[in-house]
Amino acid sequence: MDGFTFGTFQSKRQFHIKALPEEIGGYVFLVGDPGRSPIIAEAFENPVHVGFNREYNLYTGTLAGEKVSVCSTGIGGPSSAIAVEELVKCGAHTFLRVGTCGGMDLKVKGGDLVIAQGAVRAEGTSYEYIPQGYPAVASFEVAAALKMAAEKLGGADFHIGVVQSKDSFYGETEPDTMPVAYDLNQRVPAYVKCGCLATEMECAAIFSVGLVRKARCGAVLTALWNDGRVKAGLPDVPTQDSTNAINCAVEAFRILIEEDKNN
């Protein structure tokens, strides 16, 4: 039975997202901000508001002839993992995170797009799914579709590679105020030396759940700023405009839907 079971209580409606299987598409956009769900739903044909519970704001419609959904996840790994788990139980098989990040590599500027191939597991949720030492990686098909979409649409420079997923936003932005500053101030520069492009809070969890539940996952992120560029005296213009990332994600799903129909 799709749904959840607690003791003798069973329900087809999911416990947190409050959705039924028939209300969810196979392809799902994942956004952190609940306010971004209706913005993405504007790209759907005949969008329907499925519901809004806790941080989960859900819409479903059609795109390129296929049933698709968008679900907000709130901030961080635990709530993102819950969303993917329950959406998979409703029949979703492909997920695309449309989010934001802070640039780490000096080549990543505010306003650039970052397509995540994998995520540094500097958080806790992924360890409830996959063993230590196992990588949190995106689906090749989803990452490839995002690359094709970014090349087709233009509008922003884009980068493809590894991002860091963490649990503490202020551990990144104000590390010297933390009792563990010595650790934070050593690890982050090490990630940069390894070519880590950006830092964010959800990819490792989403990719890990996808690996375990056999779902395809990927992510395209808007770099809001790069503090490292500012400290290095390089130009950087902060942004909060996610339009390019949204357009890239919608086009990527169009590409994936067409490829899936032909396979």
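The largest pocket in this predicted model has a volume of about 740 Å³, where a pocket is an open set of points on a 1 Å grid over the protein atoms alone, fitting a 1.4 Å probe and with protein on both sides within 12 Å along at least five of seven lines, and the volume is the space filled by probe spheres set on points joined across faces, edges and corners. It is lined by 28 residues, of which M104, E172, P175, V188 and K231 are the closest to the centre, lining meaning an atom within 4 Å of a point.

Residues are numbered from 1 along each chain as its sequence is written. Local features need pLDDT of at least 70 and side-chain atom pairs 80 or more, while totals for chains, interfaces and linings use all residues, and side-chain values use heavy atoms, without hydrogens and water.

Which elements build this lining? At least two residues each come from β7 (94-103), β10 (158-166), α4 (169-173), α5 (181-193) and α7 (227-231), and α5 gives the most, with six; helices (H or I, at least four residues) and strands (E, at least two) are DSSP runs, numbered from the N terminus. By class there are 10 nonpolar, 10 polar and eight charged residues, counting Ala, Val, Leu, Ile, Met, Phe, Trp, Tyr, Cys and Pro as nonpolar, Asp, Glu, Lys and Arg as charged, and the others, Gly among them, as polar.

Turning to the second largest pocket, about 450 Å³ of space lies there, and of its 21 lining residues I75, T100, F169, E202 and L224 are nearest the centre. Two or more of the lining residues come from each of β7, α4, β11 (198-200) and β12 (216-225), with β7 supplying the largest share, five.
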